[in-house]
There are 2 protein chains.
Amino acid sequence: MADQSAAYARLLARFARIATIREAAAMLGWDASVMMPPGGAASRGDQLAVLAGLAHGLLVEPVVADNLAGAESVAMAEGWDAANLRLMRHAHTRAVALPGDLVEAQARANAACEMCWREARRAADFALVAPRLSEVMKLQRAAAEALGPALGLAPYDALMDGFQRGIGAAEVAPVFADYEAFLREALPRAEAIQASRPPPRPLSGPFPAAVQEALCRELAGRAGLDFSAARLDRSLHPFSGGTPCDVRITTRYDEADLAQALMGVLHETGHALYEIGLPTAHARQPVGEAAGMAAHESQSLIIEMQACRSDQFLGWLAPRLHARFGGAPEPYAPENIARLWRRVARGHIRVDADEMTYPAHVILRFRLEQALIDDALPVGDLPGAWAEGMRALLGITPPDDARGCLQDIHWYDGGVGYFPSYTLGAMAAAQLMAAARRAVSGLDAALAEGDLAPLLGWLRTHVHAEGSRLGFNALLRAATGKPLDPADFQAHLTARYLIAPELAA
Amino acid sequence: MADQSAAYARLLARFARIATIREAAAMLGWDASVMMPPGGAASRGDQLAVLAGLAHGLLVEPVVADNLAGAESVAMAEGWDAANLRLMRHAHTRAVALPGDLVEAQARANAACEMCWREARRAADFALVAPRLSEVMKLQRAAAEALGPALGLAPYDALMDGFQRGIGAAEVAPVFADYEAFLREALPRAEAIQASRPPPRPLSGPFPAAVQEALCRELAGRAGLDFSAARLDRSLHPFSGGTPCDVRITTRYDEADLAQALMGVLHETGHALYEIGLPTAHARQPVGEAAGMAAHESQSLIIEMQACRSDQFLGWLAPRLHARFGGAPEPYAPENIARLWRRVARGHIRVDADEMTYPAHVILRFRLEQALIDDALPVGDLPGAWAEGMRALLGITPPDDARGCLQDIHWYDGGVGYFPSYTLGAMAAAQLMAAARRAVSGLDAALAEGDLAPLLGWLRTHVHAEGSRLGFNALLRAATGKPLDPADFQAHLTARYLIAPELAA
């Protein structure tokens, strides 16, 4: 027992050190996106590579295997430490399964491909980047084939595991097929309902960036973000980063469009609140981290989509927006704002998609990336397969590659297996919101007062404080009484888009 | 030879890695001063401690001693590599000489003392921090006694060596004594000359911070700073940080006082230009670093004090300031600005001191810190010794400890042996300026056009591009034909303050 404790204590210290290095890297990553002048790019790349190498080196040193074996050799009561030890083993298994030269080759190939992709996207010409993407996919396949056996997973599942542990294609595929069937019925109905109404009146800007920023700060604070331990800045691509006691969220301001920054900041605030709410007793340990990217996305979407685009919250927000920006009052009627900011549309661009069609974009990518990894789809055939998929799912054909298979950075940057997290997160958000509504009386009444505290309180207890002690499904089961159940998401969409309260009234 | 080359190549790779970790730490240090919300302080401390530990660990691994011995075992032609190898040895000697538990004890004691000092300074009560400072000094003494024998230096010199290699108290003491004698004559004369003139007319503000900032940016750019590889931000304590291709300078804006930010930014720009001009072929190697803190200070002061407070530059700047800020033209006459911004005064605060009395502040600290390290001065007697020293040097008595021995962070933060660098730098700046004027025809004419390019060009070749290949004195000898010669600084002060052109005219 003393040996086991000593071995586990050594692992705790080592994983804390690794996490601290990654915190440093996270802050430097934030700086690179928000502050760094262009001249710093090359040396910043070196700094991040050295930090990644140091963290990886600490994880794969031979003594780690000895300590893991030592700690595992003695039975441990089920609980945080036992879960932590399993996660340490998991991280170690992933790290040692990948040969160092493969990791290096991936870093180089991903960086080269990403740079080339920017050019190809500008030119809307997939052929420019196809050879680079082939190389990236070849190395992704090699990584998947090295990770798979070590983890006891199929190759594509081993890649998914890197983003959301414990969820594989076999579980996701039927959920997505079910949604596809739902969408085939629901989307035309939602469109018909929309078409039957007068079109929403646009909010007439401009909305000065400084005023938007002050408003975003106020709303993020109202949602629970404490700016003595957080920053809000501007960046080209909004994100949430930093560390739990120093969260950095970003957005961009379009002076013609109020919704983008406002809803974007609330989305990032959801991510930030999750990080802030993680169990401090297990800080810098694997078990103290967020429970994966799908879980993370559930927390951004429950704040943005479930809470802040609800009738209740928009009813509170709308007059305050009018007070802030002035102009004619009619466009600021809550019903009009709701129709503006909850508009269903078949579009080409994932990041601009409404919550009903968004999963179609994810389903397409999920199927295509599986085929790419399984070598069933040659990289050169991607544009054609993309167009075919969009026609099948949304009945539209991308006008060019930029609005097709070149729109997202993920694959070109080596991110394969991430996309499903967006939709798993959206579904989990609906499921968690339904459970929170059942558990917390007055939750909607509070939203109607612009008060997210009851929701946040429930999330803190049932999601944030759990860290990654439980897997994605176990977390949902503990919080909602069942594993992932796409029915809640469909019920949410039905209530919001198919039984329109404005029509019912 | 193959072995030697291989050993040296391994050292090159290792020192590059160490330097890259330190770059990461430098950026995080900048962030902590400029961006970080207060909540991030504790975890930032951990991040910096881990990075420092990793860099130190890479320096003291046993294989480094083997590689150093291997590389040194074969004769190397004199040049950059030979100098680099000597500097690697020097860094290694310093790192292994300090026991790990002493380094840790220092980190803890310094941090605790610094926190306590902030309180003591607010309360203007030295007694509050005296026990903490005793502990810091005890550990400084232990470090000095561990470093001294390893480096073949007396204890205090071993501390100085950490900031400016190759310069010890025996060299500094007579230079400072000579200056003290000069000052005893020069200061009353300068004061009499000042008193004989009408007092300068103050510039009437306010000077809006945004306008000051734009002006500072423009002047820093004119001085040679390229903002595609640099940032200018605000912080409580102005500094220059970052890395050579991503320099971060900071300042603070006082809307009632134009000189503070403007001259402060030019000062930090001098530091930044030095970093930017370091030899890229030796980036991340000891020989590619700046040649020490005195050399660094010479570069900030040659820009700020020598160039930008010269009659020539102020003559160019003055009407432009008036155009920017408006108001009555008379105060913006170049002669008035010169009298305002080059005013000699016996004050208590080092950082507010003019260039003539500044060395007195340094001389006092140099003598006191030597006595503290040599145990000749008990920490409890510091306030008395300080007051006595100020009376002897400047004829004034500090009204309280806050304006006495509590004013600077250095000692309380464990920085002993740094102070001499300020005045060695001021003297070197005068010596380099005199040499540049001799070498570059039209240098002053350019300054009178607001053009620092001829000066910067000369500094780039004769100072910046040399990295730390040469020691402080050898660098000066190569650039100016002689080692440090305080006569140039005295000549500069004489010309500027004792043969006033306004009076001569």
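Domain bounds, as used in this report, come from an automatic or database domain assignment. By that assignment chain A is divided into domain 1 (2-154) and domain 2 (209-327 + 430-480), and the C-alpha centres of domain 1 of chain A and domain 2 of chain A lie 27 Å apart. The structure is a predicted model, in which local features need pLDDT of at least 70 and side-chain atom pairs count only at pLDDT 80 or more, while totals for chains, interfaces and linings use all residues. Residues are numbered from 1 along each chain as its sequence is written, and chains are lettered from A and ligands numbered from 1 in the order in which they are written.

## Domains and chains in contact

Two residues are taken to be in contact if their C-beta atoms, placed from the backbone, lie within 7 Å. Between the two domains of chain A, the contact takes 18 residues from domain 1 and 15 residues from domain 2. Helices (H or I, at least four residues) and strands (E, at least two) are DSSP runs, numbered from the N terminus. On the side of domain 1 of chain A that touches domain 2 of chain A, the elements giving two or more residues are α1 and α4 (80-97) of chain A, and α1(A) gives the most, with 12 residues. For the classes, Ala, Val, Leu, Ile, Met, Phe, Trp, Tyr, Cys and Pro count as nonpolar, Asp, Glu, Lys and Arg as charged, and the others, Gly among them, as polar. On this basis the side of domain 1 of chain A that touches domain 2 of chain A holds 13 nonpolar residues, four polar and one charged.

Between the chains, 29 residues of chain A are in contact with 29 residues of chain B. On the side of chain A that touches chain B, α1 (2-34), α2 (41-60) and β1 of chain A each supply at least two residues, and the largest share, eight residues, comes from α1(A). That side of chain A has 16 nonpolar, seven polar and six charged residues.

## Nonpolar cores

A residue is buried if 20 or more other C-beta atoms lie within 10 Å of its own, exposed if 12 or fewer, and partly exposed in between, with C-beta atoms placed from the backbone. A nonpolar core is a set of buried Ala, Val, Leu, Ile, Met, Phe, Trp, Tyr and Cys residues joined through C-beta atoms within 7 Å. The largest such core has 115 residues, of which Val265(B), Ala428(B) and Ala429(B) touch the most other members; its largest share, 10 residues, comes from helix α16 (residues 420-439) of chain B. A second, separate core of 113 residues includes Leu317(A), Ile363(A), Ala429(A) and Leu447(A). Leaving aside residues up to four places away in sequence, Ala429(B) touches Ser298(B), Leu301(B), Ile302(B), Met305(B) and Gln306(B).

## Sheets

Two strands pair if DSSP finds at least two bridges between them. In chain A, three strands form an open sheet in the order β1-β3-β2, with mixed pairing. Because β1 (230-234) and β2 (240-243) of chain A stand at the edges with a single partner strand each, one side of each is left without a neighbour in the sheet. The twist averages 20° from one strand to the next; axes are lines fitted to C-alpha atoms, for helices over the stretch in contact, and angles run from 0 to 180 degrees between N-to-C directions. Helix α10 (residues 258-277) of chain A packs on the sheet, touching β1, β2 and β3 of chain A, and its direction makes about 160° with that of β3(A). Five bridges join β1(A) to β3 (residues 246-251) of chain A, which run parallel, and Asp233(A) stands opposite Thr250(A) in β3(A).

In chain B, six of the six residues of strand β3 (residues 246-251) are buried.

| Strand of chain B | Sense of pairing with β3(B) | Bridges | Bridge partners |
|---|---|---|---|
| β1 (residues 230-234) | parallel | five bridges | Arg231(B) and Arg248(B) |
| β2 (residues 240-243) | antiparallel | four bridges | Gly242(B) and Val247(B) |

β2(B) and β3(B) form a hairpin with two residues between them.

## Backbone details

Most residues other than glycine have a negative phi, and most peptide bonds are trans. A cis peptide bond, with omega about 0°, joins Gly205(A) and Pro206(A), and Pro206(A) lies in the loop between α8 (169-196) and α9 (209-222) of chain A. Phi of Ala124(A) is positive, near 55°, and because Ala124(A) has 15 C-beta neighbours inside 10 Å, this residue counts as partly exposed.
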